[in-house]
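Hi everyone, thanks for making time.

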Amino acid sequence: MKTPTRLFLPLACALLVTSLQADNEVYRTWTDAQGRKLEATFRGIENGNVFLQVRNGYVYRLPIDKLSAVDQEAAKTLKPQGLGIPSDPNLAQAAAQIDMLVEAGLKKAEQKPNPLASDEQFVRRVFLDLAGRIPTREETLQFINDPSVSKRAKVIDRLLNSEGYRSHLFNYFADMLRMADVAQKARFYTYQDWLKGQLSDNVPWNKIVYSMMTADGKLLENGATGYLLRDAGMRLDNLSLTLSTFIGANVSCAQCHDHPFADWTQRQFFEMASFFGATETYGAKGNGGGMQGMRKVLASLGDKKLQQQAKNLMRVNGLKVEDTSENDLKLPDDYKYSDAKPGEHVAPKLITWSDDKAKKAYQGMQAPKHDEQLRNQFAKWMTSPDNPRFAMTIANRLWKHIFGIGVKEPVTDLDDPKASVNPELLHHLASEMVRLKFDLKQFLRVLCNTQTYQREATSHELADNTPYLFPGPILRRMTSEQAWDSCATLVVGADVDKFKAHRGATYAKAMNVDFSGGASPDVVKSQIENAVASMRQFGGGGGNPKNNAKKKRAMGQEEDLTLAPPVRNGMVLARASELPQPEKDQHFLRMFGQSDRQIADSESEEGSIPQVLMLMNGEAQRVIGQNDSLVVQTASAQKTPEQQVESLYLSFFSRKPKPDELGNAVAGLGNGLTMRDLTWVLFNTREFIFVE
Amino acid sequence: MNLHNQLDPITRRAFCERWASAALGVTVMHGLGGNAFAAEATKTAAPSGPGFGKAKNVIFLQMIGGMTHIDTLDPKDGPTQGPKAPIKTKADFQLGGTMENLAKHADKISIIRSMTSKTGVHAAGQYVIRTGYEQRGTIKHPNIGAWAQHFKGSSHKTLPSSVCVNRQPQNGNGFFPSSFSPLPILDPDSGLQYAKSEASPEQMIKRLVMLEQLDAGFRDRFQTSEVKSYTQFYDKTISIMSSTDLEAFHLDDEPAALKEKYGKGKFGQGCLLARRLVEKGIRYIEVAKGGWDMHNSIDDGLDEHGAELDQALAALLEDLKERGLLESTLVVLCSEFGRGPKINGNGGRDHHPKVFSTLLAGGGVKGGFIYGSSDKEGMAVADKQVSPQDFLSTIGWSLGLPIDEVVMSPSNRPFTVGDKGKAVMDVFA
């Protein structure tokens, strides 16, 4: 009987948040059977419990028979406020706090929030935002027909724990981190698999980033080294990206000269770079003895082609991160400022921001005694909860991921949080990220449970230079991965989430050769020959799952979607996260804007003529409209043309057609248009590629 | 655009005219970042001088792999000569032994023999010679076609202003909107990818009418620039598909003898397509040709790739001249670097960014002219060094672009055409 006692905690004890709820009429005074009172809004009733939300956002759950007779009656007749029942009271409060800050921002600008989104709008949006694909017809119907008032909270939780979650978040970070299959003439599969594993296990963001900054060893054995090795031999470029990506420090100009607009100087940049001055990614210093021996073995291989392949093998095995005992970072030869000379050694020193109040991150951060520990020091400072920008940057990024636009844009420049459209909200999101201990899943859970997220998308044009204050999410075009994964969902259904490539383990097993001293030339030689033989499968499409599927079918086995994805008209229908990173240039994904993974955060959401030609005449529309496509099969199984159209609408748009749409489509079917044509039409609508 | 009211009864012709007129005067709208280009930090007085603005079009021939300068545009007599002896030309300079056809048109070309670049890495070098900027992980830089579109607007009402042949666009638009990106033609013989619908014209019309009907509600509700811009891309694409504009990409309409003359390979046909696109009003055409990374047996490499270049380039210059297009079309030939004077153990030459050559013709450029020189071996610049930035500024100048004008990227960083290079004024007549 805990609940009744909690109900009447004095409101003053509750977390003090200025209530800015625009509409005071939604609050009502509730009384229990013993006469105790509570001012709250009615959020709904389920399984004999009444849900009441007080002004600070906390939601109380009370057995209905504990309420006064009048209130019992009220609970049965009142229309619930908001969006149903959140899955726990603290979550409800966290979401409400964000809503209050958003509403405060809107009120200041005399703007009103958008109306609440319908179930149909919500289910499509939340699937795309959390699982990265549209819901199938069945998933949509299951949600729409669910009478439970807690269904929105439930579907959020379900999607956060779905296979699609990992896939979608991986796509986001793969763009941010420029994850490519091929870099330094080697395959970076272990890096991708490592990140996927971290996201699956929901490892906290500060730990993930700390691992990337401090990883040691071979790429083949430790995927986390991929972050530094991606830019092997280019540590300045790498650092520039590290600072803008993880802590929103806009220092890229300072790599070559003092920043023209911000405060960063070139010297500061090099002082930061000095933390990586003892870190070797170029294989220049490492493991010379073993490699020397190898060269002799190589020379003894008669076959020129084999020699070349063995060289490749050596290079791949040579990709590693090592710390040396000497920090060799120097100022550039063309350093032109008077505070130091070109070519001088630079001591490591952390940057500070002028508004920085959280000095804790800097405590105990004197230069370490041993240069080997330099980058750990840096990583510790950067990922600390007290770092004034680290939590804020990932919080702002995930906000953009969900709402379509950041509280501060661009997300790579948080040097001046005051320049944000809602600084209080930005700071609050940062502190929420810290409170949730960098748990990305929990953070997204809070965001998706806000009313702000569950409102209709903004339909009017965003005026130039006026801040967007989040009356709801903005209308967004699907990312290339969302669009591709949604196409595959139309053809294959929810099973599209099953296949996982796991190329890292296969590749590492094939390529990992021990080149360290001891092994005799003969042993090494046979190792090389084995590796070269297994390497062949990675020669072309990079472990392209298509080959597996072919093999499977040739063996006359039924398709097991966890082993191999279905292939239609030459297209491998796996999630984008399991396909080559990035896809080849003419693939749907690239034509639709997938980043080429050369530039961070460069996914494009713009149209082009070649892209529209592909949508109208390319393989995707064909595969979706074929008879072996799930969307066509499901619709064809319906009896009447009306039901068929409705089935297509549910599959493509997660909603039923409006009467005029139904009338037009049915008339079309009677007038020479086929099911195939209708799938073409729905696929080519703006409604399909945009996310409401 | 509410089509169905006007489409009953309908003929295909009427439909296409309806759609084409809808697409006329379309201004491509940008997304949220579009207004970022309004602000320009400095305005300079409109430049003028010899050659300025003479070129209306540019054909940019990019040799991928590092074209050997000594065996093509900058022949040497001594021990570094290579497999083929230099040959005489119509002008008072020599060319490499493979350039037999080009030699007959030497009176139409200027050669810069004092190019130098800082990088001997293919991708990095190709990026610099295409954009004037070093490759970075934080921004993409535009090619000259995108710069021209920024300053001069679209060159055609429906077709894109830039096309790239035998190569991927690789963000040629740089930080400009993607509507500035070159349209890729990966195989000149087959033309524009996905240009043909598998549905019959009648069926396509029915589909399009239905599309208008079923999407009307969404488009009414969401009148944002992103949605409108997509609708414009559809209009534009449909009008291209249903108009004669697509003929620009139909090489089969060219006489067989002319196709033969350019050479039947992808590069020869690409050059022919470029000429065809110039005629149709497309401003900037890149044509790429690989095969130049001749580390092994350069003799064989030249027989194949040198000959292919020689035939196509000569045919292009002659064709443009005959049609009266050479004066208004700048043809440039470049590569990411040259190749070393020393023939290596495999009979090839290795990467050599220290000195190499480029070629310019038409567009107000002098004929029979050599600018700058390399030393006796072809090892280093001897006179009048020219950087990739200078080279691109020269092209910008010829196109009449304000090459000193600073343009801010959406990320608020300042950029200029050719990164503050100096146009090589001596090549202009």
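This is a predicted model: local features need pLDDT of at least 70, side-chain atom pairs count only at pLDDT 80 or more; totals for chains, interfaces and linings use all residues.

Okay, chain B. It has ten helices and 14 strands. Of its 429 residues, 54% are buried. And if you take the contacts in chain B with a separation of 6 or more, 73% of them are between residues 24 or more positions apart.

Now, where do chains A and B touch? The contact draws on 44 residues from chain A and 48 residues from chain B. On the chain B side, three elements supply at least two residues each: β4 (183-185), α5 (201-221) and α6 (225-241). Which of them gives the most? That's α5(B), with twelve residues. If you sort that side of chain B by class, you get 20 polar, 18 nonpolar and ten charged residues.

In soluble globular proteins, nonpolar side chains tend to be buried together. Here, the largest nonpolar core has 284 residues, and the ones with the most contacts inside it are A:A395, B:V58, B:I285 and B:V332. Helix α9 of chain B, residues 298-322, brings the largest share of this core, ten residues.

Let's zoom in on B:V332. Setting aside neighbours within four places in sequence, its contacts include B:V58, B:F60 and B:L61, and also B:T358, B:L359 and B:L360. B:I395 is another one of its contacts.

Over to chain A, and a pair of helices. Helix α9 (residues 205-214) of chain A packs against helix α15 (residues 374-382) of chain A at an angle of about 160°, and the axes are 9 Å apart. Angles over 145 degrees count as roughly antiparallel, so that's what we call α9(A) and α15(A). The crossing is right-handed. Who actually meets whom? From α9(A) we have A:Y210, A:M213 and A:T214, and they meet A:R375, A:N376, A:F378, A:A379 and A:M382 in α15(A). By class, that contact has five nonpolar, two polar and one charged residues.

Last stop: A:W194, which sits in helix α8 (residues 189-200) of chain A. Is A:W194 buried or exposed? Buried, because it has 23 C-beta neighbours inside 10 Å, and the cut-off is 20 or more. Leaving out residues up to four places away in sequence, A:W194 touches A:G223, A:A224 and A:G226. A:A224 is 30 residues away along the chain, yet the C-alpha atoms of A:W194 and A:A224 are separated by 6.4 Å.

Methods
Residues are numbered from 1 along each chain as its sequence is written. Chains are lettered from A and ligands numbered from 1 in the order in which they are written. Two residues are in contact if their C-beta atoms, placed from the backbone, lie within 7 Å. Helices (H or I, at least four residues) and strands (E, at least two) are DSSP runs, numbered from the N terminus. Ala, Val, Leu, Ile, Met, Phe, Trp, Tyr, Cys and Pro count as nonpolar, Asp, Glu, Lys and Arg as charged, and the others, Gly among them, as polar. A residue is buried if 20 or more other C-beta atoms lie within 10 Å of its own, exposed if 12 or fewer, and partly exposed in between; C-beta atoms are placed from the backbone. Axes are lines fitted to C-alpha atoms, for helices over the stretch in contact, and angles run from 0 to 180 degrees between N-to-C directions. Angles under 35 degrees count as roughly parallel, over 145 as roughly antiparallel, 65 to 115 as roughly perpendicular and the rest as oblique. A crossing is left-handed if the near helix is turned anticlockwise from the far one by less than a right angle, and right-handed if clockwise. A nonpolar core is a set of buried Ala, Val, Leu, Ile, Met, Phe, Trp, Tyr and Cys residues joined through C-beta atoms within 7 Å.
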